[in-house]
There are 2 protein chains.
Amino acid sequence: MTAPRKPPKADPLYVASLEKGLNVLGAFSSGQQFMNLREIAEACGTDKSTAQRFTHTLSQLGYLEKCAKTKRFSLGKRVLELSFNYLRANALVEAASPVLIELQRATGERVNLSLFDDLSILYAIRQSSKREYYFSTLIGRRMPIWSSSGGRAMLAALPRAEVNDILKRSDLKPLTPRTIHDPAGIRKKIAQAQQKGYALTVEEGVMGEVVVAAAIIDADGRPAAAIHIAGSLGEWTAERFERKFGPLLAETAQRLSHHRFANR
Amino acid sequence: MTAPRKPPKADPLYVASLEKGLNVLGAFSSGQQFMNLREIAEACGTDKSTAQRFTHTLSQLGYLEKCAKTKRFSLGKRVLELSFNYLRANALVEAASPVLIELQRATGERVNLSLFDDLSILYAIRQSSKREYYFSTLIGRRMPIWSSSGGRAMLAALPRAEVNDILKRSDLKPLTPRTIHDPAGIRKKIAQAQQKGYALTVEEGVMGEVVVAAAIIDADGRPAAAIHIAGSLGEWTAERFERKFGPLLAETAQRLSHHRFANR
DNA sequence: GGGCCTCGTATTACAATGCGATACGCTTGA
DNA sequence: TCAAGCGTATCGCATTGTAATACGAGGCCC
């Protein structure tokens, strides 16, 4: 959950100092708002001197903030700027944005756009008018690709060999008692998504929640993103939810597919 | 607009390599989605070799993505993760989140939460149910503190000396023909905000838009954030908009103030 | 209330590491 | 066909980051 990428080997072009500095920012993936030097050093697996130099540098640059009283560090506002730059330049997200807003208005439910990123999906747009669990409103959140509705919709658009590879490298730990987490069961759900054009999960991410999702395919035929609609089992049966939103979602995703947004 | 922080002097604790690496990410504040090596080198003021090493490292870590065909770089999805970690841990933003959602539902207008950051405000929550200009939906966007409604509401809570210092260091370039950008005019608007408990701007950020905003004060008595309500002059007169939402907003901001969220 | 532990900060000698000039091969367009 | 510009790879040098150490301040427990 901390570092989804592998730290590479000795390589003459690799700048280890940069990695260490970014690891300091990564230390805050624990969810703690404030950390002192020792905690940061521990989380990064370095000594205190190293943590001192990197926190000092990051603070000057605005990527870390230091409380004058407690001398503890937190992430700086400048990290939000990087997100802004990512999203403003992303043509796929920009094109999807008005579509998602419209979808939210039309359905009244929470709608999301998530991006494909190897073993994870990563939320990029979240539209809701209801009061939600805080994390469900935040972009940048990562979820396992194999258990999420959008993830399975995207896996359904990948060649079988790639799906196998992804499942093999994934940690299939269930998120709720109802998470389908055996490879055969997951593959069956992926096959269903392939056939229907959308995926359905019932209480697999959060209890009480039903989600349908459909994949957006890029110009190269690969899944780039997914749109999700999430509802509450207090208001819907899974069947009604699927019937009402599944086909609509598949059609919407289709409309956003096969454009030159994503790559190039 | 590119680098709000000053690059510091020679200092034994300062890790220049880290700064250079982060400058590569900062190069994308131009708004371009894709950049080649030379463009990145130019934007960072370095040579091609340096750009080569840093892009290579950042790509391995997921903070940059490289198109296999064109060999050009774009920001990586991992920068969104940093935002997530910032927001999930920020108690002020978390506390404000349901309040903003409620405010959006109650008013039907676009509501924002912005954070105080020296010469800028920086959006952290944006709630809207309408179709908006894309940038108006993105968090992490920076705006000048002196021209924005939320910024002036926050300046109204600062000592006069600090306001003078901020105005002195700011670039008072108007954003629209109606932006009040002379120091005396700005100070007058700040004084009005002080008196009313909220600030009002009419077409100062975008033509056709009216905004009211009120500051959230932290436990130390300093402005930490502001909540905004933005409307269209096509639907409202400035006077009606102010009368309808100003007092509501001031009261809402008051309710979120003086807690132990922001610092510590 | 005194002593001890842990924190953040500052310094320094050392060599590993990042540096940047250079060269190569490829694609593109004139 | 050639030249310009690109991404990539190599390498000797010294700059820059390293990590051990020491200091002083603050907080906690006995």
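By class, how many nonpolar, polar and charged residues does the surface near DNA strand D have? That surface has five nonpolar, six polar and seven charged residues. The structure is a predicted model. DNA strand D is surrounded by 18 residues, while the contact between the chains takes 85 residues from chain A and 85 residues from chain B.

**Surroundings of DNA strand D**

- Among the 18 residues that surround DNA strand D, the closest are K20(A) and R53(A) from chain A, together with A16(B), S17(B) and R38(B) from chain B.
- Sugar or phosphate accounts for 63% of the atoms of DNA strand D within 4 Å of the protein, and the rest belong to bases.

**Phosphate contacts from chain B**

- A polar backbone atom of A16(B) is 2.8 Å from a phosphate oxygen of DNA strand D.
- K66(B) takes part through its side chain, a polar atom of which lies 2.9 Å from a phosphate oxygen of DNA strand D.

**Elements near DNA strand D**

- In chain A, α1 (16-26) and α3 (48-61) each give two or more residues to the surface near DNA strand D.
- In chain B, the elements that do so are α1 (16-26), α2 (37-44) and α3 (48-61).
- The largest share of this surface comes from α3(A), which provides four residues.

**Contact between chain A and chain B**

- About 7700 Å² is buried between chain A and chain B, and 64% of this area is on carbon and sulfur atoms.
- Four salt bridges are counted between the two chains.
- One of these salt bridges joins R142(A) to E81(B), with the closest N and O atoms 2.9 Å apart.
- Between chain A and chain B, 13 residue pairs are in polar contact, counting pairs with both residues at pLDDT 80 or more.

**The side of chain A that touches chain B**

- The helices of chain A that each supply at least two residues to this side are α1, α3, α4 (78-89) and α5 (91-107).
- The strands β3 (110-117) and β4 (120-127) of chain A also each supply at least two residues.
- Twelve residues come from α4(A), the largest share of the side of chain A that touches chain B.
- By class, this side of chain A has 39 nonpolar, 25 polar and 21 charged residues.

Methods. Residues are numbered from 1 along each chain as its sequence is written. Chains are lettered from A and ligands numbered from 1 in the order in which they are written. This is a predicted model: local features need pLDDT of at least 70, side-chain atom pairs count only at pLDDT 80 or more; totals for chains, interfaces and linings use all residues. Side-chain values use heavy atoms; hydrogens and water are left out. A residue is near a molecule or strand if one of its heavy atoms lies within 4 Å of it. A polar contact is a pair of N or O atoms within 3.5 Å; within protein, one must be able to donate a hydrogen and the other to accept it, and residues adjacent in sequence count only if both atoms are side-chain atoms. Ala, Val, Leu, Ile, Met, Phe, Trp, Tyr, Cys and Pro count as nonpolar, Asp, Glu, Lys and Arg as charged, and the others, Gly among them, as polar. Contact means heavy atoms within 4.5 Å. Buried area is the accessible area (1.4 Å probe) that two parts lose on being put together, summed over both. A salt bridge is a side-chain nitrogen of Lys or Arg within 4 Å of a carboxyl oxygen of Asp or Glu.
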